[in-house]
Amino acid sequence: MSDSSAPLRKTPLDGLHRELGAKLVPFAGYEMPVQYPDGILKEHLHTREQAGLFDVSHMGQVVLRGPDPSAALERLVPGDIAGLEAGRMRYTQFTDESGGILDDLMVLRREGDLFVVVNAACKEADVAHLTAGMTGHSVEYMGERGLLALQGPLAAEVLAAHAPELATMPFMSGREATVAGVACLVTRSGYTGEDGYELGMPAEDAERVARALLVDARVKPIGLGARDSLRLEAGLCLYGHDIDTGTTPIEAGLAWSISKRRRTEGGFPGDTVIRRQLADGPSRRRVGIRPEGRVVAREGVEIADASGAVIGRVTSGGFGPSVGGPVAMGYVEAAHAGEGTGLQLLVRGSARPAAVAKLPFVPQRYYRGA
Amino acid sequence: MADIRYTKEHEWVRVEGDVATCGISDYAQQQLGDVVFVELPEPGRSVSKDEECAVVESVKAASDVYAPISGEVIEANDALGADPALVNSEPLGAGWFFKIRLADASELDGLMDEAAYQAFVGELG
């Protein structure tokens with residue numbers, strides 16, 4: 001937790017946010033735009049229809065170097081890093097001895113090193129964790145840097161106008177590209193379920209790239225409010241809410257991120273617990289939840305079965321603008337995790353009917369081109 | 001034209017005869033952001049002044065709405081079911097929440113008039 005009396009940090013785009021009329025709120029120790037004048041609903045819908053530009057510069061960008069960074073990182077994560085080809089990236093988690101999740105992260109393998117992006121709220125702890133765990137290797141936290149996310153069905157066209165080669169870069173790959181005269185590290189990835197990119201650049205160049213993208217009429221600035229509703233509809237976990245040290249990747253439905261080799265070989269914290277859950281099934285599971293009516297069920301709402309017995313808890317919930325109704329995710333006892341299972345959500349003292357729903361709530365539209 | 005009065009919780013009330021129409025202020029709807037759902041009290045319910053009697057759900061959070069005066073709820077605004085965004089676009093008009101048959105008109109005396117409410121909001125920064 002950050003010291004509440006310390007001044008909030010600003011990203012390199014702070015001046016631009018103010019100029020655009022952003023409503024700024026504290027988030028992970030930073031002043032971040034939660035929305036711009038259009039509002040969360042419009043920002044969310046625009047991202048799924050055209051292209052949204054997000055400032056995610058608060059997140060941590062880290063470079064891992066040394067004789068064998070992949071093997072060293074595999075001692076801290078269950079992901080397959082050794083098998084990652086150069087130019088490809090993967091989603092994984094830092095686990096602890098109980099199989100709980102310390103943070104989730106993206107790892108890009110480059111020619112000589114690994115480039116890692118971690119959550120803002122955990123970045124200091126993650127850097128310390130990496131430094132302690134990657135013996136014989138260097139861990140460079142890149143400090144203040146720009147990180148922009150351009151997401152939506154038109155993101156590729158928008159970016160191709162600056163760097164045509166980016167239109168066909170594969171999903172979950174990364175490469176260097178020059179955008180608006182700035183050398184950027186570009187990955188095709190995101191947190192919305194749509195096609196999109198993330199661009200990293202020096203802090204002093206971030207505004208220039210952002211403005212160059214915003215000049216395009218198809219691009220609107222998007223705040224954290226819509227970022228949250230977009231990722232929720234996409235069924236993506238938010239660290240500290242849907243995943244934390246009390247949840248294993250298996251309970252969280254993230255077993256897909258642990259390859260067969262890593263399941264068999266282990267060699268990461270909590271591997272015994274995770275292996276057992278893979279064999280026997282976890283006792284609880286993260287599920288999608290669709291409340292039946294219009295009442296929104298938010299984080300913390302208790303989930304009960306038909307008899308009224310509490311069998312779980314909502315970990316993320318809100319209104320899904322693209323779905324047109326309330327959506328949620330939470331953990332329920334395994335017996336109640338089947339799609340379509342009837343649930344009751346205890347909102348403001350009364351039980352509201354709901355059902356387990358398949359995730360994602362909206363179709364994924366990741367780039368599947370060559 | 002009935003005078004509008006406001007509470008410190010940003011509800012407004014307009015009285016005609018013994019019927020008070022209630023809603024939330026323009027300031028409140030701006031603070032809330034896009035409204036996606038409103039939970040209204042059932043007609044026939046008795047409410048006391050300051051009793052929580054409605055919930056307005058925005059994209060970000062749910063907020064309680066309190067009865068500005070005591071009485072019996074006689075009507076809830078059905079239009080909000082189909083179009084909760086009326087709360088944002090017409091908070092003082094078509095976006096009204098419910099109507100109450102007044103129990104005690106003197107309760108209005110303690111509420112702020114337009115000028116006093118604008119001054120109050122001005123201080124909130």
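Let me begin with a definition: a residue is called buried when its relative accessible area is under 20%, exposed when that area is over 50%, and partly exposed in between. With that in hand, consider Ala180(A), which has a relative accessibility of 23% and therefore counts as partly exposed. Please keep in mind throughout that what we are viewing is a predicted model.

Most residues other than glycine have a negative phi, and most peptide bonds are trans. Ala180(A) is not a glycine, and yet its phi is positive, about 55°. Where in chain A does Ala180(A) sit? It is found in the loop between β11, residues 174-179, and β12, residues 182-187.

A second example comes from chain B. His10(B), again not a glycine, has a positive phi of about 70°. His10(B) belongs to the loop between β1 (4-6) and β2 (11-16) of chain B. At 14% relative accessibility, His10(B) counts as buried.

His10(B) also leads us to a neighbour, Ser25(B). Setting aside residues within four places in sequence, Ser25(B) is in contact with Tyr6(B), His10(B), Trp12(B), Pro91(B), Leu92(B) and Tyr117(B). Ser25(B) lies in the loop between β3 (19-24) and α1 (26-32) of chain B. Its relative accessibility is 0%, so Ser25(B) counts as buried.

As for the peptide bonds, one in chain A is to be pointed out. Leu359(A) and Pro360(A) are joined by a cis peptide bond, with omega about -5°. Pro360(A) is placed in the segment after β20 (350-357) of chain A.

Let us turn to a sheet in chain A. Strands of a sheet pair through backbone hydrogen bonds, either parallel or antiparallel. Here five strands form an open sheet, in the order β6-β7-β8-β5-β9, and the pairing is antiparallel. Which strands stand at the edges? They are β6 and β9 (138-141) of chain A; each has a single partner strand, so one side of each is left without a neighbour in the sheet. From one strand to the next, the twist averages 30°.

We may look in more detail at one pair. β6(A) and β7(A), the latter covering residues 101-109, pair in the antiparallel sense over seven bridges. Within this pairing, Thr92(A) has Leu105(A) of β7(A) as its bridge partner. Helix α4 of chain A, residues 123-133, packs on the sheet and touches β5 (60-65), β6, β7, β8 (114-118) and β9. The direction of α4 makes about 165° with that of β9(A).

The buried residues of α9(A) pack against β6 (89-95) of chain A. This helix runs over residues 271-280, and its buried residues are Asp271(A), Val273(A), Ile274(A) and Gln277(A). Why may we speak of one face of the helix? Seen down the axis of α9(A), the buried residues fall within an arc of 160°, so they line one face. An α-helix has 3.6 residues a turn, so residues three or four places apart point the same way. The face turned away from the buried side of α9(A) carries the exposed residues Thr272(A), Ala279(A) and Asp280(A). After α9(A) comes Gly281(A), whose phi is positive, near 85°.

Now a word on cysteines. How many disulfides are there over all chains? The count comes to zero. For Cys122(A), the nearest cysteine sulfur is that of Cys237(A), 13 Å away. Cys122(A) is buried, at 11% relative accessibility. For Cys22(B), the nearest cysteine sulfur, that of Cys53(B), is 7.4 Å away. Since a disulfide requires sulfur atoms within 2.5 Å, Cys22(B) is in no disulfide. Cys22(B) is likewise buried, with a relative accessible area of 1%.

Finally, I come to the contact between the two chains. Chain A contributes 13 residues and chain B contributes 15 residues. The size of an interface is often given as the accessible area lost when the parts come together. Between chain A and chain B, about 1,300 Å² is buried, and carbon and sulfur atoms give 49% of that area. Which three residues supply more than any other three of the area that chain A buries against chain B? They are Arg294(A), Arg298(A) and Arg348(A), which supply 45% of it.

Technical notes
Residues numbered from 1 in each chain as written. Chains lettered and ligands numbered in written order. Predicted model: local features only at pLDDT ≥ 70, side-chain atom pairs only at ≥ 80, totals over all residues. Heavy atoms only, no water. Buried < 20%, exposed > 50% of the residue type's maximum accessible area, 1.4 Å probe, protein only. Helix = DSSP H or I, 4+ residues; strand = E, 2+ residues; numbered from the N terminus. Contact = heavy atoms within 4.5 Å. Arc of directions from axis to C-beta. Pairing = 2+ DSSP bridges. Axes fitted to C-alpha atoms, helices over the stretch in contact; angles between N-to-C directions. Buried area = accessible area lost by both parts, 1.4 Å probe.
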